[in-house]
Amino acid sequence: MITPRQLDAFGFSGDNILWSEIRELLDASIEESVEAAISPEVEGERRVHSAGSADGLKRFKDLLDMVRDEAKSARSPGV
């Protein structure tokens with residue numbers, strides 16, 4: 001269930017530069033962590049850390065997208 005504050009924060013219409021920049025930063029960070037995790041030069045705990053970091057960032061991005069979708073639906077039900 002989306003909270004009123006989440007609705008205010010994520011229920012914007014049209015383009016939002018902050019939203020776009022946050023998503024681009026997350027994408028770049030995820031890509032960097034994945035590249036580190038699969039790099040032949042990275043070993044052991046550093047590889048595990050990079051893989052975990054990529055997973056955590058991806059899950060966080062998915063959560064933000066889910067809340068954004070819920071807010072958009074709440075703002076315009078039936079669309």
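Q: Why is Asp 62 called partly exposed?
A: The relative accessible area of Asp 62 is 35%. Partly exposed covers the values between buried (under 20%) and exposed (over 50%), using a 1.4 Å probe and protein chains only. With 35%, Asp 62 therefore counts as partly exposed. Please keep in mind that this is a predicted model, where local features need pLDDT of at least 70 and side-chain atom pairs count only at pLDDT 80 or more, while totals for chains, interfaces and linings use all residues. Residues are numbered from 1 along each chain as its sequence is written, and side-chain values use heavy atoms, leaving out hydrogens and water.

Q: What makes Asp 62 and Lys 58 a salt bridge?
A: The closest N and O atoms of Asp 62 and Lys 58 are 2.6 Å apart. A salt bridge needs a side-chain nitrogen of Lys or Arg within 4 Å of a carboxyl oxygen of Asp or Glu, so the 2.6 Å of this pair qualifies. Both residues belong to helix H3, four residues apart, about one turn of the helix. Helices here are DSSP runs (H or I, at least four residues), numbered from the N terminus. Lys 58 is partly exposed too, at 40% relative accessibility.

Q: How many salt bridges does a search of the whole structure find?
A: The search finds five. Among them is the pair of Arg 23 and Asp 65, with its closest N and O atoms 2.9 Å apart. This pair links distant parts of the chain, since Arg 23 sits in helix H2 and Asp 65 in helix H3, 42 residues apart.

Q: Why is Asp 65 called buried, and why is Arg 23 called partly exposed?
A: Asp 65 has a relative accessibility of 19%, so it falls in the buried class. Arg 23 has 26%, so it falls in the partly exposed class.

Q: What does Asp 65 touch beyond residues up to four places away in sequence?
A: Asp 65 touches Trp 19 and Arg 23, where contact means heavy atoms within 4.5 Å. The side chains of Asp 65 and Arg 23 also make a polar contact at 2.9 Å.

Q: How do you know that the buried residues of H2 are on the same side?
A: The buried residues of H2 are Trp 19, Leu 26, Ile 30, Ser 33, Ala 36 and Ala 37. They cover an arc of only 130° around the axis, so they share one side of H2; the arc is taken from the directions from the helix axis to the C-beta atoms. Ile 17, Leu 25, Glu 32 and Ile 38 are exposed on the other side.

Q: What covers the buried residues of H2?
A: The cover includes helix H1 (4-10) and helix H3 (44-75). In turn, what covers the buried residues of H3 includes H1 and H2. Those of H3 include Ser 50, Ala 54, Leu 64 and Val 67.

Q: How many aromatic pairs are there?
A: The count comes to two aromatic pairs. In one of them, the rings of Phe 10 and Trp 19 have centres 5.9 Å apart and planes at 90°, so the pair is edge-to-face. Rings of Phe, Tyr and Trp (its six-membered ring) pair if their centres lie within 6.5 Å, with planes under 30 degrees apart called stacked, over 60 edge-to-face and the rest tilted. Phe 10 and Trp 19 are both buried, and together with Phe 12 they form one aromatic cluster.

Conventions. Helix = DSSP H or I, 4+ residues; strand = E, 2+ residues; numbered from the N terminus. Polar contact = N/O pair within 3.5 Å; in protein donor to acceptor, adjacent residues only side chain to side chain.
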